[in-house]
Amino acid sequence: MESWIPTLLVLIPLLPLAGAAVTAALGPRILRSNSHWPIVVGIAGSFVAAAALVFAVRGGLPAAEDHSATQEAGDAHAHTEGAPGYEKVVTLWKWAVVDGAYQQKTGTKTASRDFRIDITLRADPLTAIMLSMVTFVSLLVAIYSIGYMHEDRGYWRFFSYIGLFVFSMTMLVSVSNFVLLYVFWEAVGLCSYLLIGFWYEKPSAAAAGKKAFLVNRIGDFGFALGLFLLWTTYGTLNFHDTLAADGSVVQGLSTAMDGSVVQGLFGAQRLAQGPAAYVGGGVATAICLLLMLGACGKSAQFPLHIWLPDAMEGPTPVSALIHAATMVTAGVYMVARCTPLFHASVDAQMTVAFIGGFTALMAGLVALTQTDLKRILAYSTVSQLGYMFLGLGAGTVLGITAGMFHLFTHAFFKALLFLGAGSVMHAMGGVIDIRRFGGLKRIMPVTHLTFFVGCLTLAGFPLLSGFFSKDLILAAIQEKQGGFYAALYMAAAFTALLTAFYTFRAFFCTFYGPELIPSEAGHHAHESPRSMTVPLIVLAVCSAIVGIYFEVTHGFADFLGQTPSIAYLSRHTHEHIHEGFHWQIMATSAVIALAGIGLAAAFYWPARHPIADGTHKAAEAVGLYQLSKRKFFFDEIYQMLFVWPLLGVAAASYWIDRNVIDRTVNLIGRAPPTIGAALRPLQNGLVPFYAVGMVLGLIVLLAAVLMGWGWMV
Amino acid sequence: MNPELALLNNYLVVGAILFGIGVIGFLSRRNTIVMFLAAEMMLQGISVCFVAWSRYHNDLSGQMFVVFIITVAACEAAIALALILMLFRASGKLDIALWHHLRESNQPGFVDEEIPEPPADGKPAWPHLTRAGIEPKADPGATDYRSKV
């Protein structure tokens, strides 16, 4: 089984890419309304390969005693305790090889080192989980899109973008090198941009795509700086250990004792050495904060969260796939992957936790008053991503596995909710404002039921998956000492209440109350076709059971804990992992979830209640309602702080370009015609005149020769 | 001076004279055929020099060049005469100054001054001299007849 890993790792990204290429080539002319086949088949194959990869990795996990499966690791970790985790690295080829690219000084010695980018894929539990999750959700979304995008003009274009996205995302989580991570980080950003602006005739969609791209640029800039700092600090950007060429190695932070191996950032040798192998202090904090800035951009965390709600302009399957389940979790994945780096800086960990907690609370408050169903879900996504970062910010094995577990369950229930919202939107003729429809329970029974399951899961209803993953995060925060984490715990618990409330507010407004159907829907508002309802049902079943399955078997945390980066923590921190359930937290959050649901029911069930209006008026009176409705004025503040000054600078630059630079250039451009005009009379077309010129020239040359002006001739 | 050198000198002088006559003829005449003949004369002057140097250095390559020059001159003569013939057919004149179409587009064309007709009585007209002591007044309108340009 383990010997299949290289093949599987290559197949997983390759199949969607091939599907995308086939669709792009044949879609517009030949396949037309069958354009979904290459993509669905490609992603299905990719999913099968990813599932096989999970089993292959599980099969390759070391037994309890120390037994390393890594390729190039020596026996350097023999003296450490605990399992080193499992990784298998597959190098496809080497790219951009520059021998002796830079000088490295160590003490008095200077030596040149090579630069090269290894096109390398890796298989470890973290990658396997991400790959299976991404391909599974992508497959369901692709099937759903067959119904949702039916008869769209850009049908084939949509599917080839989806294939490209799945390729980029699977590569993003399986590469073993920061340079390639960055490349595919940008590639998923590109796919996101293309798909947000999919209906590019709509000005708001085009603007939203641009906004997403530009805001992500800020984060990516930080990410790039972080990579530069990593390179200058460690001299390598590989995750894994690599064999060094002869004589090109300097003894230093990145080199093993015998000098034959360049230690990767998360390679077995470095991880075995423990915290001593990582630079600490200000440099570590700077690296982590820059990486975190990149993660904030991609995962829509404060202060770069503003693009995600606008990204809902794209088709709903895209919102479900890219902006809820997969791409936005890239930041979480990256921070989880860089656990050892973040472990080296307590300040950075606290920053991650703070950003996560603050974003969760802030987005939860905004979601309370939004009236656009997809935007409620978008803010909910921002809020849940905040939860994940909160878990990662705890910096413990429990926190990181909890964050990743929440990522995993969130992918199911948030994709489910978005697809359900898409189903409603499909039936309502594109209307998504929850004030304009209501009482859809009778018309759309399947959507109603699956949406209900999704809402319960998101709200953290006991025994559903969201309940367990959220509890683990709360437990991880509660375990940490100090007032800082206590405050974050309170914020997270309050956010859970908000989550339950706004989720069920949207649910009740959509499916209960008097039946209200907007005129855009026509007379035949109906349940969505089977290609859309089947993915909903599958996702609903998954959302309901994955949590309890993994909670009972404890399989997720144990499996994920075998990732080298995360196993590092348990090896070097001697952290005690609490087995079993956190009863007290579970009880608290069950009460919170039920309270939130009950509050929403009191306000909006079976119809909008006078209490809701009263609360609304009271909140309006003190200005809180507007504050939430207008999203804490972030857009306006950014407009004033960044957009206007930039527009001013742009206008000034434009003026300078027009009036100073262009005029100078024009002035220079005028010189040749002026000189030409002066010489033009010489060209009068008379043969004798030319002859005189030639004879005079001849005389001058003769004179030069005779008078010894050799330089002239 | 040895006889060889004296011989060379004589020939070079003849060549220079031929070349000089050619240059002067080329510059001073407007008749295309005459100009063409003048150009040929320059070529012959150069050829004579070549032959003289060839003789002096006892090196036949100079004479080889002359054979080439004569050949090229023959070809050139064929083309030039054909060209002159075409030009003559187009305008009926051999005056080179009529053909100045290759000038810059915004340059004024060459305008030939008319040669005044001789007076009917056939007597030459001389410029009117004013009395001494007073500045002569120019008569801008009148163009005096001269039998030679």
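1. Which residues does Ala415(A) touch, not counting residues up to four places away in sequence? They are Val137(A), Val141(A), Ala320(A), Leu321(A), Ala324(A), Ala325(A) and Leu539(A), where contact is taken as C-beta atoms, placed from the backbone, lying within 7 Å.

2. The model is predicted, so that local features need pLDDT of at least 70 and side-chain atom pairs count only at pLDDT 80 or more, while totals for chains, interfaces and linings use all residues. Residues are numbered from 1 along each chain as its sequence is written, and chains are lettered from A in the order in which they are written.

3. Ala415(A) is among the residues with the most contacts inside the largest nonpolar core, which has 217 residues; such a core is a set of buried Ala, Val, Leu, Ile, Met, Phe, Trp, Tyr and Cys residues joined through C-beta atoms within 7 Å, buried meaning that 20 or more other C-beta atoms lie within 10 Å of the residue's own. Helix 15 (residues 397-427) of chain A contributes the most to this core, with 19 residues, a helix being a DSSP run of H or I of at least four residues.

4. Apart from that core lies another, of twelve residues, including Leu18(B), Phe26(B), Phe36(B) and Val48(B).

5. In chain A, buried residues account for 52% of the 713 residues, and of the contacts between residues at least 6 apart in sequence, 80% join residues at least 24 apart.

6. Between the chains, twelve residues of chain B are in contact with eleven residues of chain A.

Terms used: Contact = placed C-beta atoms within 7 Å. Helix = DSSP H or I, 4+ residues; strand = E, 2+ residues; numbered from the N terminus.
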